[in-house]
Number of protein chains: 4
Amino acid sequence: MKAVMKACAAPGLELRDVPDPVPADDEVILEVKATSLCGTDHHIYRWDEWAQKRIRPPRVLGHEMYGEIAATGRSVTTVRTGDRVAAESHVTCGKCFQCRTGNAHVCKNYTILGIDRDGSFARYVSLPEKVLWKTADEIPAELACMQEPLGNSVHAVLTEDVSGHTVLVTGCGPTGLFAIAVARTAGAGSIIATDVSDYRLGLARQLGATLAFNPEKIDPKIIEEHTDGQGVDTALEMSGHPSAVHLCFRYVKNAGRVCLFGIPRAPIPIDIPNEIIFKGIRVHGITGRRLFDTWYRLAGLFRAGLDIRPVVTHTFPLQEFGKGFDLIDHAQCGKVVLIP
Amino acid sequence: MKAVMKACAAPGLELRDVPDPVPADDEVILEVKATSLCGTDHHIYRWDEWAQKRIRPPRVLGHEMYGEIAATGRSVTTVRTGDRVAAESHVTCGKCFQCRTGNAHVCKNYTILGIDRDGSFARYVSLPEKVLWKTADEIPAELACMQEPLGNSVHAVLTEDVSGHTVLVTGCGPTGLFAIAVARTAGAGSIIATDVSDYRLGLARQLGATLAFNPEKIDPKIIEEHTDGQGVDTALEMSGHPSAVHLCFRYVKNAGRVCLFGIPRAPIPIDIPNEIIFKGIRVHGITGRRLFDTWYRLAGLFRAGLDIRPVVTHTFPLQEFGKGFDLIDHAQCGKVVLIP
Amino acid sequence: MKAVMKACAAPGLELRDVPDPVPADDEVILEVKATSLCGTDHHIYRWDEWAQKRIRPPRVLGHEMYGEIAATGRSVTTVRTGDRVAAESHVTCGKCFQCRTGNAHVCKNYTILGIDRDGSFARYVSLPEKVLWKTADEIPAELACMQEPLGNSVHAVLTEDVSGHTVLVTGCGPTGLFAIAVARTAGAGSIIATDVSDYRLGLARQLGATLAFNPEKIDPKIIEEHTDGQGVDTALEMSGHPSAVHLCFRYVKNAGRVCLFGIPRAPIPIDIPNEIIFKGIRVHGITGRRLFDTWYRLAGLFRAGLDIRPVVTHTFPLQEFGKGFDLIDHAQCGKVVLIP
Amino acid sequence: MKAVMKACAAPGLELRDVPDPVPADDEVILEVKATSLCGTDHHIYRWDEWAQKRIRPPRVLGHEMYGEIAATGRSVTTVRTGDRVAAESHVTCGKCFQCRTGNAHVCKNYTILGIDRDGSFARYVSLPEKVLWKTADEIPAELACMQEPLGNSVHAVLTEDVSGHTVLVTGCGPTGLFAIAVARTAGAGSIIATDVSDYRLGLARQLGATLAFNPEKIDPKIIEEHTDGQGVDTALEMSGHPSAVHLCFRYVKNAGRVCLFGIPRAPIPIDIPNEIIFKGIRVHGITGRRLFDTWYRLAGLFRAGLDIRPVVTHTFPLQEFGKGFDLIDHAQCGKVVLIP
């Protein structure tokens with residue numbers, strides 16, 4: 001089959017012929033119907049410092065996927081050929097303290113699809129049974145494949161209840177946009193979004209932001225006006241930019257919540273007394289998806305009307321993956337989906 | 001002024017002339033724009049056993065209200081003449097353990113507007129400053145006056161997060177209908193409603209129930225089909241009927257939540273091992289509104305699009321209060337609003 | 001080897017010769033050092049209605065155990081021969097909604113050691129790897145084998161924090177006594193215990209109850225005096241007696257917590273408005289142990305000084321199991337331990 | 001009466017004659033039996049930059065106090081002359097969002113005793129009724145006056161349950177020492193304490209630390225050995241030192257909790273991905289005491305045996321306050337108590 005892979009330790013990716021995968025006893029073979037590009041894939045594509053340390057070529061990339069089960073290993077019991085599934089990308093150990101106490105999303109020994117084993121940028125991919133997530137047939141393939149990153153946002157937004165609360169989302173890349181959509185569906189009273197790209201602010205409004213602005217052009221004090229002078233109940237940092245981190249700490253109200261999801265490139269000096277202590281806030285580090293609470297919540301949110309379609313701005317055949325990475329380079333896209 | 005009151009210890013209510021109220025230092029005078037009928041008022045109207053014990057005539061009834069502030073006492077600082085407000089009906093002591101630890105809704109010494117002091121079935125009513133709730137001007141008077149009972153439902157639904165979860169509501173009287181609307185706005189994945197009245201099941205569908213049925217006519221097993229065989233995450237008992245209580249315990253999933261709000265007339269035999277223990281569920285007794293979390297959440301839910309208009313089925317001038325009680329007698333109404 | 005078993009469908013148990021067990025790939029063989037009697041074993045011994053429905057003879061009993069690993073199956077990785085372990089008695093499916101969302105203690109498909117497969121009333125028992133719990137060597141065998149029932153009490157007490165709170169424990173059988181010891185170690189401010197047996201009330205005082213009394217002889221109003229007129233923050237019902245259930249609901253304070261663990265024999269009429277709703281309390285159904293939070297907490301409580309030794313009132317060689325059941329018949333014991 | 005006060009805008013404090021205070025209607029006069037020195041008092045004594053901005057002389061200092069009520073204003077109902085009370089030092093507004101939603105400890109408008117109004121370094125002090133805390137007679141005056149700072153530690157430790165959990169406390173000044181004592185009483189499984197002062201590490205061991213070490217002399221990796229390689233469930237930062245903040249983030253386990261209470265002097269660069277996000281931890285900013293939960297918990301912890309006596313290392317007559325500040329200068333003390 002054809003697969004998009006990091007063939008050797010250098011920038012770029014290549015479309016190569018590789019053997020079709022064969023399932024182990026506790027695995028299935030997924031015929032990939034849609035797979036989407038993640039910022040992580042972009043790091044690997046560019047072959048930055050992080051990628052050079054983390055990736056051992058050759059490796060087929062891709063960890064956001066949806067498809068149909070084409071074959072099952074001997075001990076598989078919960079799915080069968082023809083089932084349509086997405087996949088949790090973190091393969092957890094099941095034996096560490098975190099796995100044994102309901103916190104498998106921070107398993108000490110997890111591996112990642114498309115990074116530690118071959119991924120979904122191909123016609124077929126082998127997957128452990130335990131990462132599969134049966135997905136309602138009504139959800140189209142190009143949305144279903146995005147459940148993995150969407151799950152990050154569900155995890156972030158619903159760490160605590162947002163219904164009737166005010167929410168700030170800093171950063172309107174795909175996970176920020178997803179967070180807006182989730183907060184909208186969950187009944188947030190106001191959703192304020194910030195980004196420096198007008199293109200992305202437009203998407204934010206489409207997804208349900210009640211106020212979306214560029215903090216380099218408009219004084220963020222507008223947040224106070226928009227919240228009766230209170231600041232927000234919940235601030236979700238989805239960008240990784242230092243100024244956005246400070247914006248969250250500044251405009252969250254006393255006793256409020258900040259969720260940190262975006263990955264800053266370097267340490268950020270935090271004024272701990274004024275940004276955290278005297279405000280009496282809670283700060284949550286958000287990584288992955290709660291296994292499998294987040295996936296169940298996500299299925300329920302779709303039934304409640306969650307609409308993430310505007311986030312998919314581009315769809316290409318698998319072999320045109322290069323176009324997708326170009327768009328990410330220029331931040332002129334929401335989510336890019338590849339069809340094998 | 002004219003006021004609808006229990007003039008003496010007998011069934012019925014009377015429209016009488018009473019002196020206009022004068023505010024104490026920490027009180028305001030509200031000019032009532034709209035006030036709604038509660039089941040409690042109906043008990044007092046019928047003068048049942050509970051009412052005979054609880055009420056000391058003469059008493060002006062009415063504890064669900066909205067209006068404009070007409071005068072303020074000397075020490076009042078948070079509102080002024082012309083402000084439009086609703087009122088929390090429970091006047092709490094501020095000094096008991098519950099009040100001092102964030103649980104004033106179960107204050108040991110609270111009194112109730114329209115029961116322990118004169119209420120809102122009149123042109124004017126005096127109110128302590130601390131029960132006032134400023135209400136956004138966009139909300140029409142006949143909806144704004146219902147925030148008190150709506151708050152009961154907000155309290156019940158949002159005891160825990162429902163976004164993406166399945167919800168069962170037993171009993172589609174006004175608080176059940178409000179619960180459906182709140183769960184819908186908060187992004188519940190499915191909302192199943194039960195009642196024995198076709199009229200009310202129709203209202204339930206209008207407010208957002210995804211399945212509404214009469215359990216005397218349709219086998220409640222349909223709940224399992226509607227929830228992938230799992231039962232519901234949350235069951236809200238809003239009727240007080242024994243069969244509805246058992247329905248909640250039966251169809252809540254293991255590790256789920258039951259909220260009890262409806263008032264049964266007599267003790268109900270509970271099969272504690274099978275209905276509670278082996279299921280590992282949580283049961284919450286729900287009374288009043290969390291002070292003032294519930295009111296803030298409620299304001300946010302309105303901004304999120306909460307629509308309770310279909311619950312107001314009838315509006316009458318104050319003096320036609322008798323028509324309202326007749327409708328309640330026959331369960332042929334949602335909420336009845338009186339305009340002084 | 002010798003094993004104590006229900007050989008046929010009739011009252012009593014027999015000591016019989018059975019073949020030594022052999023481990024499957026994911027199992028170990030435990031050499032049992034100590035195993036204790038549970039109320040459930042007593043039901044099976046007496047062969048009551050429940051037992052007749054639930055048990056399929058022949059079956060070796062015993063689900064509270066501690067020992068040394070004598071052999072391991074091929075795929076076992078987390079323990080090795082010589083390790084000293086106790087066992088979680090519930091073997092969960094790992095695939096149902098509850099197992100996948102951190103609530104495996106209410107797994108829809110679990111099986112139980114000593115009930116659905118042969119148990120620990122024998123020299124050896126085979127066990128799935130995933131139920132094993134490595135136990136600190138300092139803990140003597142006759143205490144270590146009781147971690148399973150002790151875990152029930154840890155689960156009940158620590159559903160919410162008790163440090164600095166007042167606690168009521170109704171029923172001073174072994175799990176009630178364990179609950180007292182756990183609440184004491186966790187820093188409960190006052191621990192009030194009730195039972196009808198003077199013998200057990202004496203044990204309750206030994207384990208840390210600050211007030212222990214027989215509610216048939218002393219007016220329970222003493223609870224109010226002992227709690228500044230407030231009632232208790234947390235009431236733990238460990239007996240299953242209707243009067244004890246009502247005692248919990250009566251003396252828990254408004255906004256407090258009731259945990260139900262004791263199994264009543266028949267439905268109990270509950271005055272839902274006065275016992276639950278108007279008090280605004282939370283009721284938790286408690287079953288099993290949280291997997292594996294409860295076990296980790298338990299290990300920490302031992303390090304914090306948890307002392308359950310007074311609960312072990314009798315120790316016999318395995319073949320004298322009959323003496324243990326006689327003691328349980330007459331409620332003249334705490335916990336009975338058997339040494340194979 | 002004699003009072004220790006900041007008489008003018010310059011370093012130091014003076015003992016001066018001032019008029020006896022007279023209570024307003026909602027106030028009482030406390031005859032001070034014991035009052036203790038806080039780090040804040042030391043800042044004011046030294047007249048550092050913060051103090052110069054915050055304090056408007058003349059001002060009687062002192063916000064940690066205990067005494068007997070000598071007189072009461074007209075509207076006071078909850079205490080009477082002769083009652084023995086401590087005082088919450090934060091006088092909250094009761095009207096802001098935080099006050100109305102159970103988070104008065106982060107009131108937007110609070111004032112502080114001994115800073116914004118005259119405090120307890122005197123024979124008498126006037127206090128609003130609502131800050132009073134009746135204290136059990138068994139607790140000696142020199143311990144009872146420390147309930148205010150002890151409450152900070154109760155708040156920090158019990159933000160979440162520590163029973164059976166492992167706890168790290170960085171910084172063994174008074175609030176760190178209190179935190180150790182509270183965690184010990186609440187049944188923490190292990191309590192690890194760090195400080196750079198051998199004197200304070202000795203106090204830490206006396207109060208219940210199971211491991212106390214100087215991280216400048218001993219490799220903190222010892223924390224891993226002491227926690228089965230897991231790190232701690234809860235890390236409490238009580239020092240404000242950058243290295244201690246990083247120690248907390250480094251040794252808290254994935255999905256664990258960090259509480260920040262110590263006030264750093266300058267922003268601290270935080271490696272947000274590795275210290276917070278990928279660990280999936282919660283960070284709580286801790287300020288003040290939860291009103292009045294913390295005080296009730298504290299009373300219960302005393303009943304459970306909380307022993308903070310070793311923290312009081314020095315007691316002086318009021319006029320010898322200078323000796324106390326000298327000791328603080330050299331970090332050669334736990335808590336210093338003054339007796340007026």
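Through which surface do the copies, chain A and chain D, meet? In this predicted model, 100% of the interface residues of chain A are also interface residues in chain D, so the copies meet through the same surface.

Chain A is superposed on chain D by a rotation of 180° with 0.0 Å of shift along the axis, at an RMSD of 0.0 Å, and in chain A the C-alpha nearest that axis belongs to A:P269, which lies 1.8 Å from it. A rotation of 180° with 0.0 Å of shift likewise places chain C on chain B, with an RMSD of 0.0 Å; that is the relation of a two-fold axis.

The contact between chain A and chain D draws 37 residues from chain A and 37 residues from chain D, and about 2,900 Å² is buried between them, with carbon and sulfur atoms giving 66% of that area. Three residues, A:N254, A:I272 and A:I277, supply 18% of the area that chain A buries against chain D, more than any other three. Across this interface the rule finds 0 salt bridges, whereas 9 residue pairs are found in polar contact.

The side of chain A that touches chain D divides by class as follows.

| Class | Residues on the side of chain A |
|---|---|
| Nonpolar | 21 residues |
| Polar | 10 residues |

Strand β17 of chain A pairs with β17 of chain D in the antiparallel sense over 3 bridges, and A:H284 stands opposite D:R282 in β17 of chain D.

How values were computed: Residues numbered from 1 in each chain as written. Chains lettered and ligands numbered in written order. Predicted model: local features only at pLDDT ≥ 70, side-chain atom pairs only at ≥ 80, totals over all residues. Heavy atoms only, no water. Least-squares fit on C-alpha atoms with pLDDT ≥ 70 in both. Contact = heavy atoms within 4.5 Å. Buried area = accessible area lost by both parts, 1.4 Å probe. Salt bridge = Lys/Arg side-chain N within 4 Å of Asp/Glu carboxyl O. Polar contact = N/O pair within 3.5 Å; in protein donor to acceptor, adjacent residues only side chain to side chain. Nonpolar A, V, L, I, M, F, W, Y, C, P; charged D, E, K, R; others polar. Pairing = 2+ DSSP bridges. Helix = DSSP H or I, 4+ residues; strand = E, 2+ residues; numbered from the N terminus.
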